[in-house]
Amino acid sequence: MPHVAAPLRIGPIELWPPMVLAPMSGVTNRTLRALYKPFGFGLTVTEFVSSNALQYGNRRTMEMIDQHGVEKPVATQLWGNDPALMAHAAKVVRECGADIVDINFGCPAPKVTKTEGGSACLRDVVHCEAIMRAVVAAVDCPVTVKMRLGWNEGTLVYEEVAKRAQAVGIAALTLHARTAKQFYKGNADWSHIAALKRAVEIPVIGNGDLSDPQGAMNRMRESGVDGIMLGRAILGNPWLAGQIRALMEGREPEATPPAAERLRFALHHYRTMVDEWGEARAVPQMRKHLGYYLKGFRGASELRERLMRTETAAETLGIVETTIERLERENDGMIAA
Ligand SMILES: Cc1cc2nc3c(=O)[nH]c(=O)nc-3n(C[C@H](O)[C@H](O)[C@H](O)COP(=O)(O)O)c2cc1C
């Protein structure tokens, strides 16, 4: 079967499939990226890392840029506002294994924008250019940018930033089609992603609200983008990446596995987190993830509540194991709708 999509080229790096796991702070740590990439992503990106914090090299920050065990290629994302600090940080993450350095011009969180980082950079496109130029000059690998449409509805600067990006040697752009002021409200407006694709020659990756295989393919075709990025919809459902990959390869996608099998994978994720991060750090993080894995399950809210109250990994694993046994005994798909 001929491929329906073409590989995504970021500088000299060719990615197949042209599908990126979105950077998500507090979520896409090394363990998750290592576990989710083989489901069908061509590229994964770290959580955003502060260029300021990287100067000091503390343990938590260095853990965030650790790419050990994650299938290549890998991108590391940086945020900050000072071109010299961003350039220094880019060198550090490159030395620590990043194949691609990504600049964050998208984060709308006040703790980031109050220091003029993330999406606040979009309030000054000339300064954006200075940051991009400094980072491109600092490293011998492709540099990409992930941005929003602009700071607010009245200042949609994405095309302006993209043209400056192209001029200074940025290798690809990802656009999350919301403004910073929107946070996650409303819908991502893919007409802007299509407009960006028409405005520049470098590859464009579309992002925002992709949640089902055929819908993602339609968005990709209609906007003409070179690649897509998936965030929230993949949490607890990495099988979605495989389904989209199948469509990109002209194959029939496999059905999402039954509930018991999904929970078995959740257990594997849980155990790997405990092994790699220790129980004290893994348990609170995995509460959130178990919630994602239970999305759409019949009786999920009661189970989620029980899991929220557990204190130890053994207790949590016991509850999930019993649930799996019950599902298998009753041959229950346990999907709500
Ligand atoms: C919990 C969470 C954390 C995020 N952290 C980052 C981040 O560190 N860097 C970044 O560029 N975007 C971050 N994002 C935004 C996502 O990468 C993505 O652009 C956004 O969720 C829209 O895509 P989606 O609709 O597929 O989720 C985050 C989103 C979520 C939900």
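A cavity, on a 1 Å grid over the protein atoms alone, is a set of points where a 1.4 Å probe fits but cannot get out. What you're looking at is a predicted model, where local features need pLDDT of at least 70, side-chain atom pairs count only at pLDDT 80 or more, and totals for chains, interfaces and linings use all residues. Residues are numbered from 1 along each chain as its sequence is written, and side-chain values use heavy atoms, with hydrogens and water left out.

- Rolling a probe the size of a water molecule over the atoms shows where empty space is left.
- Here, the structure holds two cavities of 30 Å³ or more.
- The volume of the largest cavity is about 70 Å³; a volume is the space filled by probe spheres set on the grid points, which are joined across faces, edges and corners.
- Ile 10, Val 20, Leu 43, Val 45, Ala 75, Asp 102, Thr 144, Thr 174, Ile 205 and Met 229 line that largest cavity; a lining residue has an atom within 4 Å of a point.
- Sorted by class, the lining of the largest cavity comes out as seven nonpolar, two polar and one charged residues. For this sorting, Ala, Val, Leu, Ile, Met, Phe, Trp, Tyr, Cys and Pro count as nonpolar, Asp, Glu, Lys and Arg as charged, and the others, Gly among them, as polar.
- The second largest cavity holds about 40 Å³ of space.
- Around the second largest cavity you'll find Leu 263, Leu 290, Leu 294, Leu 303, Leu 307, Ile 319, Val 320 and Thr 323. Two or more residues of this lining come from each of α13 (300-308) and α14 (313-330); helices (H or I, at least four residues) and strands (E, at least two) are DSSP runs, numbered from the N terminus.
- It's α14 that gives the largest share of the second cavity's lining, with three residues.

**The open pocket**

- The largest pocket has a volume of about 600 Å³. A pocket is an open set of points with protein on both sides within 12 Å along at least five of seven lines.
- Its lining takes in 31 residues, and those nearest the centre of the pocket are Pro 23, Met 24, Lys 146, Arg 148 and Tyr 184.
- In terms of class, the largest pocket is lined by 16 nonpolar, nine polar and six charged residues.

**Around the ligand**

- There are 16 residues around the ligand, and Ser 25, Gln 77, Asn 207, Asp 209 and Arg 232 come nearest. To count as near, a residue needs a heavy atom within 4 Å of the molecule.
- Pro 23 has a backbone N or O atom 2.8 Å from an oxygen atom of the ligand.
- A polar backbone atom of Ser 25 is 2.7 Å from a nitrogen atom of the ligand.
- In the side chain of Lys 146, an N or O atom sits 2.8 Å from an oxygen atom of the ligand.
- On its own the ligand has 610 Å² of accessible area, and the protein covers 87% of that; such areas come from the Shrake-Rupley method with a 1.4 Å probe.

**Backbone details**

- Trp 16 and Pro 17 are joined by a cis peptide bond, with omega about -5 degrees. Pro 17 is in the loop between β2 (13-15) and β3 (19-21).
- Another cis peptide bond joins Lys 72 and Pro 73, where omega is about 0 degrees. You'll find Pro 73 in the loop between α3 (59-64) and β5 (74-79).
- Glu 116 isn't a glycine, yet it has a positive phi of about 65 degrees. This residue is in the loop between α5 (110-113) and α6 (125-138).
- Asp 209 isn't a glycine either, and its phi is positive at about 70 degrees. The loop between β9 (204-207) and α9 (213-223) is where Asp 209 is found.

Definitions and conventions: A polar contact is a pair of N or O atoms within 3.5 Å; within protein, one must be able to donate a hydrogen and the other to accept it, and residues adjacent in sequence count only if both atoms are side-chain atoms.
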